[in-house]
Amino acid sequence: MTIPDPVHPAWLPSEAFRAIGARRTLVLGDGLLAGTVHDEVAQACARYGGRVRRDAGSEPYDLVLALTTAEVPPGVAGAVRPDSALGDEGYVLARRDGATVVLADEPAGLLYGLFHVVRLGERAFAAERPAEHHRPATRRRMLDHWDNVDVHPVMGQVERGYAGGSVFWRDGAPRGELARVRAYARLLAACGVNAISVNNVNVHATEAHLLTDRLGDVAALADVFRPYGIRVHLSVNFASPVVLGGRPTADPLDEDVRTWWADVTERVYETIPDFGGYVVKADSEGQPGPFAYGRDHADGANLLAEALAPYGGVVHWRAFVYNHRQDWRDRSTDRARAAYDHFAPLDGRFRDNVILQVKHGPIDFQAREPVSPVVAAMPATRLAVELQVTQEYTGQQRHVCYLAPMWRDVLGFRPWGDGGADVAELVGGGDLVGVSNVGDDPYWTGHPLAQANLYAFGRLAWEPRLDPAAILDEWIDLTFLPAATGDAEPAASGATDRLRRTLHEIMDDSWRTYERYTAPLGVGFMVRPGHHYGPDVDGYEYTPWGTYHFADRDGVGVDRTRATGTGFTGQYPPPWSEVYESLADCPDELLLFFHHVPYGHVLHSGSTVIQHIYDTHFAGAEQATEARRRWQEAAGLFDPSLHDRVKALLDEQVRCAEEWRDQINAYFFRKSGVPDAHGRCIP
Ligand code: BDP
């Protein structure tokens with residue numbers, strides 16, 4: 001297998017392998033992934049003059065990548081024997097006596113160990129290094145592509161995709177550009193992703209057929225992902241027995257329906273023996289589900305789980321179930337409650353190969369939401385937390401919005417308060433899922449800096465306690481400075497420092513900047529309906545979708561308290577049920593998510609709500625302008641075409657941030673009649 005140079009610019013250009021490619025490497029172990037490791041190193045050696053062998057011989061080595069079952073040459077690795085089982089994907093890394101050694105129990109561990117050495121660059125070969133054990137915190141680190149096979153009349157080729165077309169599909173057929181898919185698999189493996197779902201959760205007519213007569217298209221992708229340790233999953237339509245099988249019903253308790261799923265799934269595994277499983281969006285936003293037959297979601301999920309169980313497959317059953325046709329005049333309805341109300345009573349009823357996939361917030365990937373209470377409510381159910389890497393509600397890859405700080409907050413949230421487990425522990429050993437932000441754009445993600453979100457997703461899924469700024473450094477090193485890791489010329493390192501500083505200044509706080517100039521204090525959904533880009537304060541206010549802010553002349557925010565509101569606060573265990581219930585204790589950034597307050601309400605920060613709205617909107621728009629200024633100053637540090645692309649996007653970000661600022665400020669000024677304390681211009 002030859003490994004193409006990345007067909008598009010991203011992290012892991014061949015220069016990132018310079019440190020390895022110039023050395024003598026030994027790869028010991030059999031299996032497809034050990035072969036991938038060897039080929040990666042061989043490719044680098046061909047370029048940088050080193051050597052790689054797969055049998056020990058007697059020569060000395062600078063780098064040894066070996067399975068623990070392999071016969072390692074005496075003296076090389078004896079001292080770094082792992083102290084415990086490394087598992088399917090773990091590895092131990094050390095440097096002793098002039099050799100850097102990676103040992104793994106399984107070939108996937110060798111692959112992740114190799115990419116660790118790549119991240120270290122020259123540092124991997126410098127000083128002695130005590131043995132470090134690395135194991136992923138989560139078992140499955142999965143990306144869900146919302147890619148349509150056919151172009152959908154409203155959603156296009158990729159639903160909520162902001163990076164061009166799909167890398168897999170075009171106009172109803174596979175693209176067949178497998179070199180691109182292979183380059184993508186390599187990028188994903190390098191940040192730790194090991195599972196991928198290749199079609200949209202909204203399974204339309206053409207896409208449904210991937211399960212049966214178009215299964216070969218999925219198998220072709222699985223063949224390309226396999227050498228990088230990535231398993232392929234498929235979104236399926238719950239009504240498949242009807243729409244594909246011609247059955248009269250898809251009732252999960254119907255014997256004929258069960259047989260249909262068992263037969264179809266058997267064929268799937270005959271074709272793709274390491275197939276991962278099914279992803280299902282049921283009874284949500286028009287997708288079919290078990291409710292049509294008077295059954296519940298445990299019945300539905302268990303039906304598919306039963307079919308997959310003999311092969312070790314799993315069902316990712318999404319908890320994103322809510323009524324999008326509710327009566328907006330009925331103030332007791334609350335979309336935030338829906339997932340818990342539907343699923344918490346079912347805890348304990350799911351088969352053990354069902355993974356309930358829960359969006360990180362109770363509503364829908366807004367720039368600020370509390371963590372979903374479902375994560376604490378289902379101790380007897382396997383859970384996956386779903387993050388949105390595609391920036392549907394965070395600037396659509398036209399705005400810089402580095403999301404790792406938000407995800408880090410989610411993963412560090414402790415539903416039972418200090419001393420209790422955090423979300424990372426709750427999904428520990430389980431799954432973290434991200435909605436992909438990748439397309440056929442030359443930079444993979446539309447906005448070149450949005451690549452950092454994809455990279456950070458994989459890294460946080462592997463190690464949820466990583467610091468977002470440190471992840472950004474890794475991404476910068478691997479993307480822009482591969483030659484600078486360890487052997488930078490002193491003259492060049494001034495430029496290197498400036499480049500790194502520029503990216504940190506623009507990206508570190510970009511999520512909070514975005515939050516500042518968009519919907520305030522956790523209220524959410526002030527976006528234009530449909531495409532969700534740009535401001536429209538009342539766009540969803542009087543609609544059946546259930547995403548409201550309840551602004552009137554006196555105040556704003558959603559009363560979700562038990563005392564006077566929808567009771568949503570009661571879905572949390574203490575202390576959060578009490579903290580969120582209490583106007584005095586509720587954190588400022590979520591105040592309007594939980595409470596309806598007068599504009600003069602004083603925040604913990606000392607500001608009133610209305611003045612906070614004005615201040616943050618002026619500040620956020622200014623910070624966007626400042627980011628653009630810093631980027632302009634950094635021309636010359638970046639490849640000119642990349643610099644131009646980001647510059648144009650920053651122009652759009654500044655324009656849009658000012659539009660948000662003006663609309664939000666004008667709206668609340670007109671509602672409240674309260675002038676800005678600093679007399680700034682509000683249209
Ligand atoms: C919403 C998106 C919609 C998705 C849905 C989902 O607007 O396109 O289908 O999430 O997660 O945020 O199923």
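Colleague: How does the span of helix α4 (residues 178-191) agree with its 14 residues at 1.5 Å a residue?

Modeller: Helices (H or I, at least four residues) and strands (E, at least two) are DSSP runs, numbered from the N terminus. The expected span of a helix is 1.5 Å times one less than its number of residues. For the 14 residues of α4 that gives 20 Å, and the end C-alpha atoms are 20 Å apart, so the two agree. This is a predicted model, in which local features need pLDDT of at least 70 and side-chain atom pairs count only at pLDDT 80 or more, whereas totals for chains, interfaces and linings use all residues. Residues are numbered from 1 along each chain as its sequence is written.

Colleague: How many of the residues of α4 are buried, and what covers them?

Modeller: A residue is buried if 20 or more other C-beta atoms lie within 10 Å of its own, exposed if 12 or fewer, and partly exposed in between, with C-beta atoms placed from the backbone. In α4, 11 of the 14 residues are buried, among them V181, Y184, R186 and C191. Their cover includes α3 (107-120), β7 (140-144), α6 (215-225) and α14 (451-462). Just after α4, G192 takes a positive phi of about 105 degrees.

Colleague: At what angle do the axes of α20 (residues 609-633) and α21 (residues 640-672) cross?

Modeller: Axes are lines fitted to C-alpha atoms, for helices over the stretch in contact, and angles run from 0 to 180 degrees between N-to-C directions. Angles under 35 degrees count as roughly parallel, over 145 as roughly antiparallel, 65 to 115 as roughly perpendicular and the rest as oblique. The axes of α20 and α21 come within 9 Å and cross at roughly 170 degrees. The pair is therefore roughly antiparallel.

Colleague: Which backbone angles deserve a remark?

Modeller: Two residues other than glycine have a positive phi: E285, near 50 degrees, and F365, about 55 degrees. E285 is found in the loop between β14 (277-280) and α9 (297-308), and it counts as partly exposed because it has 13 C-beta neighbours inside 10 Å. F365 lies in the loop between β16 (354-359) and α11 (374-377); with 21 other C-beta atoms within 10 Å, F365 is buried. P575 is placed in the loop between β19 (555-556) and α18 (576-581).

Colleague: Where is D441, and which residues does D441 touch?

Modeller: D441 is in the loop between β18 (431-435) and α14, and its 21 C-beta neighbours inside 10 Å make it buried. Two residues are in contact if their C-beta atoms, placed from the backbone, lie within 7 Å. Leaving aside residues up to four places away in sequence, D441 touches A163, G164 and G446. D441 and R500 are 59 residues apart in sequence and 24 Å apart in space, C-alpha to C-alpha.
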